[in-house]
Number of protein chains: 2
Amino acid sequence: MDALMKMEKQLKAVSDANRLKLLACLKQGEVCVCDLVDVLQVSQPAVSQQLRKLKEADIILERKRGTWKHYRLNEEQSPFIQAIIDDLEPVSTENCSPECSIEEKII
Amino acid sequence: MDALMKMEKQLKAVSDANRLKLLACLKQGEVCVCDLVDVLQVSQPAVSQQLRKLKEADIILERKRGTWKHYRLNEEQSPFIQAIIDDLEPVSTENCSPECSIEEKII
DNA sequence: TCATTACATAAGCATATCCTTATATTATAA
DNA sequence: TTATAATATAAGGATATGCTTATGTAATGA
């Protein structure tokens, strides 16, 4: 894939209001899928599909923790993707359950 | 239109390989539509429609010169749009006809 | 082992996108 | 005027997108 195609793919991934909101949520750090569902007010599969698009564009990374899956922003972004993220107003999410985040503290 | 919607509109405008190529052409300065048609290898109406999308997102500006219409990058860009433009490899275009650009010199 | 929980995938549908060809508009030239 | 040239708009069709509901998968816990 040449540079322009890669750029197009990344831009397509972020050119959607719901996916921009997902990125705005991930500015606070790792978030699990159920918390993102609450924010977006769409179905869980819809969120899964959008997360996949962002992941396939190398914009976000995932990490499995038991039955939960945590997503976070990739630490290495294309400069233009980073500029988009910088422009987003952060959105905070609630923890779906105490167990979801408790493992973080155990590590 | 709130900030997120404006951002979405601008990102939709640039999330297309042909429109990215148009922006790459406009990095060299003002260009008329016929020269852009040559570069993209699509029909003239297709180019017109894409230019309109970029214009409606405030990414490019137009200027009428006789029967020609010259497009250029807006001098004031959102930081993230500027980052996208900066990332593009410039593309040079041929002048469709001597008269198209000659008026520039008269001014 | 079996139910539950968190998430992913599949299928289907409504709408959006992007091209095409045909036609309209506008300015210049003969 | 009338023809031509540059561009815009309209209409239509193929494909892409983004949602939904239904179902599959993997890990945990009783």
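These points cover the chain symmetry, the annotated domain and the strands of chain B in a predicted model.

1. Symmetry. Chain B superposes on chain A by a rotation of 180°, with 0.0 Å of shift along the axis. Within chain B, B:F80 has the C-alpha nearest the axis, at 2.9 Å from it.

2. Interface. Of the interface residues of chain B, 100% are also interface residues in chain A, so the copies meet through the same surface.

3. Domain record. UniProt lists residues 1–92 of chain A as "domain: HTH arsR-type". The entry is unreviewed, so please treat the label as the record's own. Across residues 1–92, chain A is 57% helix and 15% strand.

4. Strands 2 and 3 of chain B. Strand 2 covers residues 60–65, and strand 3 covers residues 68–73. Six bridges join the two, and they run antiparallel. In this pairing B:E62 of chain B stands opposite B:Y71 in strand 3.

5. The hairpin. Strand 2 and strand 3 of chain B form a hairpin with two residues between the strands. Here B:G66 takes a positive phi near 65°.

6. Strand 1 of chain B. Strand 1 spans residues 31–32 and is joined to strand 3 by two bridges. These strands also run antiparallel. B:C32 stands opposite B:H70 in strand 3. Strand 3 of chain B therefore pairs with strand 1 and with strand 2.

Notes:
Residues are numbered from 1 along each chain as its sequence is written. Chains are lettered from A and ligands numbered from 1 in the order in which they are written. This is a predicted model: local features need pLDDT of at least 70, side-chain atom pairs count only at pLDDT 80 or more; totals for chains, interfaces and linings use all residues. Copies are superposed by least squares on the C-alpha atoms of residues with pLDDT of at least 70 in both. Two residues are in contact if their C-beta atoms, placed from the backbone, lie within 7 Å. Helices (H or I, at least four residues) and strands (E, at least two) are DSSP runs, numbered from the N terminus.
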